[in-house]
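This briefing is for a reader new to the structure shown below. It covers the ligand, its surroundings and the positions listed in a database record.

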Amino acid sequence: MSIIEKLENNERLNYEDAIKLYDLDLFILAKYANRIREEKHGKKTYFNINRHINPTNICKDVCQFCAYSASRKNPLQYTLTHEEILEIVKTSSKKDIKEVHIVSAHNPNTGLQWYMDVFKKIKENFPSIHVKALTAAEIHFLSTEYNLTYEELIAKMIEHGIDSMPGGGAEIFDEKVRKKICGGKVTSQQWLDIHRTWHKAGKQSNATMLFGHVESREHRIDHMIRLRDLQDETGGFNAFIPLVYQTENNYLKIDAPLTGVEILKTYAIARIVLDNISNIKAYWATSTVKLALIAQEFGSNDVDGTIEKESIQSAAGATSAKGVALKEFVDLIRNTGFTPVERDSVYNELKTW
Ligand code: V47
């Protein structure tokens, strides 16, 4: 059966089929990706009102793509106190945020309780705010550093008030590429095991993929299929987030950044291949707001949130440092013919704007 026939029949694609998708014309892909988007979500585009907080940039690991962590490329080390973090949450809570998204570097100097107690303090002071925190890369770092199993650490996370896990640290699962770009940190198998353990504890998470560096199209498909397999097993992923590689201030020199067509093809292919992950998020901080809006026509149904302050991608050249204003965000979604729907962190609908 040809790939077009399989798409027409809405069949699950295997690795070999999925590779062929990249050879299709962008607008053919758009037709099928959009058909699935419309079946699942109609014209709704989800976003949330959230605040990103990055408590420390001191990192034991050296990932070649990272411009955020303190290193030779970024000599400005910082570690926020819990009081400073609570003050940030307090200020943001007045703007009606529903979520704090907390991601740190792997700081070996703070002790485990510095990582854990802040979540408890946020929950005690702001019980209605969803705490999305600790990537699988951080969990692996903490479990190694403090000699805890993933199960033990996850039990502590839940006890300290973490509601869901963000999707960071996945990068690209292919072992050879991973060794080149982030050797030494959480392995692909460990990343998947941590999310499996989190899902088995009854919790939900997201999954990312960093693309546009030294990986090939085959590596992206392999990444998506490994996620699809785990999702078949647990059903715990809410969203897949392809992160477009930002090229500045890091060690990985890329001569030819991705074209808009390649980025849109990747969103569309993610929508087609990941038939068991409901939400495909065009994270505007890495795609740009404009391309995230266009991506709505290519299978994606989520643009992340207002963010307020963003440090990881903006350190590598993205224009996301200050987030985006709520009204502007909503108007942009509406003006592109979609319905802006505010969601909570686990995709319950809160308000149609
Ligand atoms: O895993 C680091 C990425 C991620 C660069 O779960 C870079 O809702 C692009 O995971 N260019 C952390 N990306 C951010 C993240 C995330 C973001 C938004 C929403 C969610 C969610 C998760 O940032 C890391 C890494 O892959 N990153 N450096 C860079 N130069």
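**The ligand and its site**

The ligand sits in the largest cavity. The model is predicted. Around the ligand there are 23 residues, and the closest are Lys-132, Gly-167, Gly-169, Glu-171 and Lys-281.

**Make-up of the shell**

- Sorted by class, the shell around the ligand consists of 10 nonpolar, nine polar and four charged residues.
- Three elements each supply at least two residues of this shell: strand S6 (204–211), strand S7 (237–244) and helix H14 (312–315).

**Polar atoms facing the ligand**

- In Glu-171, a polar side-chain atom lies 2.4 Å from an oxygen atom of the ligand.
- The side chain of Gln-313 has an N or O atom 2.9 Å from an oxygen atom of the ligand.
- Phe-65 takes part through its backbone: one of its backbone N or O atoms is 3.0 Å from a nitrogen atom of the ligand.
- The ligand taken alone exposes 620 Å², and the protein buries 96% of that area.

**Phe-65 and Glu-171 in the record**

- UniProt, in an unreviewed entry, lists Phe-65 and Glu-171 under "binding site".
- These residues span 107 residues in sequence, but no two of their C-alpha atoms are more than 9.7 Å apart, so they gather at one spot.
- Both Phe-65 and Glu-171 belong to the lining of the largest cavity, which is where the ligand sits.
- Phe-65 lies in the loop between strand S2 (50–53) and helix H4 (82–93).

**The cysteine positions in the record**

- The UniProt feature "binding site", from an unreviewed entry, is also placed at Cys-59, Cys-63 and Cys-66.
- From this set, Cys-59, Cys-63 and Cys-66 are included in the lining of the largest cavity.
- Cys-63 is found in the loop between S2 and H4, and Phe-65 is in the loop between these elements as well.

**Points to keep in view**

- Glu-171 is among the residues closest to the ligand, and the UniProt entry, which is unreviewed, lists Glu-171 under "binding site".
- Phe-65 has a backbone atom 3.0 Å from a ligand nitrogen atom and is part of the lining of the largest cavity.

Notes. Residues numbered from 1 in each chain as written. Predicted model: local features only at pLDDT ≥ 70, side-chain atom pairs only at ≥ 80, totals over all residues. Heavy atoms only, no water. Near = heavy atom within 4 Å. Polar contact = N/O pair within 3.5 Å; in protein donor to acceptor, adjacent residues only side chain to side chain. Areas by Shrake-Rupley, 256 points an atom, 1.4 Å probe, with all protein chains shown as cover. 1 Å grid on protein atoms, 1.4 Å probe; cavity = no way out; pocket = protein on both sides within 12 Å on 5 of 7 lines; lining within 4 Å. Sits in = over half its atoms within 2 Å of the grid points. Helix = DSSP H or I, 4+ residues; strand = E, 2+ residues; numbered from the N terminus. Nonpolar A, V, L, I, M, F, W, Y, C, P; charged D, E, K, R; others polar. UniProt positions renumbered as here; feature names shortened; annotations may be inferred.
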